[in-house]
Amino acid sequence: MRVLGVDPGLTRCGVGVVEGVAGRPLTMLGVGVVRTSSDADVGHRLVAIEQGIEEWIDEHRPECVAVERVFSQHNVRTVMGTAQASAVAMLCASRRGLPVALHTPSEVKAAVTGSGRADKAQVGAMVTRLLRLDAPPKPADAADALALAICHIWRAPATNRLQQAHAQAREAQARARQARQQAQSLARKAPR
């Protein structure tokens with residue numbers, strides 16, 4: 001599985017591509033940051049992020065895009081920029097028919113370090129170790145993007161099994177409901 005991880009941000013949008021399967025060594029195919037100037041108009045910044053993500057998708061051909069789920073922060077301005085960059089990443093993926101997975105920061109930290117409360121240095125150190133890199137990717141947004149991709153590769157099989165189990169349960173419930181309705185209909189039609 002080849003996953004493009006996106007750590008959304010309006011000034012620095014981390015991007016990283018990881019390939020592999022759960023339980024096997026993973027390979028980093030690329031890592032970087034799409035940058036925009038804080039002096040530029042928000043619309044122009046979003047277009048620059050879109051163009052950057054499109055270039056990453058063109059170059060690396062991921063099968064899936066994993067984006068950090070935006071969470072509430074005290075600074076509304078920061079969360080708005082993060083949400084906007086996140087939406088651009090989801091749009092770029094969806095436009096090409098690529099599945100989009102959203103992971104919370106604590107899910108990513110727990111998957112990569114074993115603790116949902118790990119700090120950026122711990123995440124960077126584990127990404128370095130897991131991908132057998134010489135040094136942690138800089139800036140932290142780039143390491144976070146790789147962590148998102150790793151998290152998705154490791155969590156996707158379990159998530160898919162859960163989704164399949166839920167779908168099968170819904171189908172079984174629908175069949176049981178239909179059988180009850182048919183039985184009730186027959187009971188009403190039966191002579192008394």
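Select Leu46: beyond its neighbours within four places in sequence, Leu46 contacts Leu10, Gln84, Ala85 and Val88. Keep in mind that this is a predicted model. Leu46 itself belongs to helix H1, residues 42-60. Leu46 and Thr11 are 35 residues apart along the chain, and their C-alpha atoms are 9.8 Å apart.

**Stop 1: H1 against H2**

Colour helix H1, then colour helix H2, residues 76-95. The two helices pack with their axes 9 Å apart, at an angle of about 40°. How do they lie relative to each other, oblique or parallel? That angle makes H1 oblique to H2. Turn the view to follow the crossing, which is right-handed.

Show side chains at the contact. On the H1 side, pick Val42, Leu46, Ile49, Glu50, Ile53, Glu54 and Ile57. On the H2 side, pick Gln84, Ala85, Val88, Ala89, Cys92, Ala93 and Arg95. By class, the contact of H1 with H2 has ten nonpolar residues, one polar and three charged. Leu46, where the tour began, is part of this contact.

**Stop 2**

Is Ala89 buried or exposed? Ala89 is buried, because its relative accessible area is 0%. Leave out residues up to four places away in sequence, and Ala89 touches Val6, Ile53 and Val67. Draw a distance from Ala89 to Lys120. These two are 31 residues apart in sequence, and the C-alpha to C-alpha distance is 22 Å.

Next, select Thr82, also in helix H2. Thr82 has a relative accessibility of 15%, so it counts as buried. Which residues does Thr82 contact, its neighbours within four places in sequence aside? They are Pro8 and Val70.

**Stop 3: the cysteines**

Display the cysteine sulfurs. How many disulfides are there? The count is zero. Start with Cys64. Its closest cysteine sulfur is in Cys151, 11 Å away, so the pair is too far apart for a bond. A disulfide here would need the sulfurs within 2.5 Å. Cys64 is buried, because its relative accessibility is 6%.

Cys92 is in no disulfide either. The nearest cysteine sulfur to Cys92 belongs to Cys13 and is 9.3 Å away. Cys92 has a relative accessible area of 0%, so it is buried.

**Stop 4: H3 against H4**

Select helix H3, residues 105-113, and helix H4, residues 120-130. Their axes are 9 Å apart, and the angle between them is about 50°. H3 and H4 are therefore oblique to each other. Which hand does the crossing have, left or right? H3 passes H4 in a left-handed crossing.

Show the side chains again. H3 brings Lys109, Val112 and Thr113 to the contact. H4 brings Gln122, Val123, Met126, Val127 and Leu130. The contact of H3 with H4 is made up of five nonpolar, two polar and one charged residues.

**Stop 5**

Most residues other than glycine have a negative phi, and most peptide bonds are trans.

- Arg61 counts as exposed, because its relative accessibility is 55%.
- Arg132: look in the loop between H4 and H5. Arg132 is not a glycine, yet has a positive phi near 55°.
- Pro139: this residue lies in the loop between H4 and helix H5, residues 140-189. Select the peptide bond from Lys138 to Pro139. Is the bond cis or trans? The bond is cis, with omega near -10°.

Terms used:
Residues numbered from 1 in each chain as written. Predicted model: local features only at pLDDT ≥ 70, side-chain atom pairs only at ≥ 80, totals over all residues. Heavy atoms only, no water. Buried < 20%, exposed > 50% of the residue type's maximum accessible area, 1.4 Å probe, protein only. Axes fitted to C-alpha atoms, helices over the stretch in contact; angles between N-to-C directions. Helix = DSSP H or I, 4+ residues; strand = E, 2+ residues; numbered from the N terminus. Parallel < 35°, antiparallel > 145°, perpendicular 65-115°, else oblique. Left-handed = near helix turned anticlockwise from the far one by under 90°. Contact = heavy atoms within 4.5 Å. Nonpolar A, V, L, I, M, F, W, Y, C, P; charged D, E, K, R; others polar.
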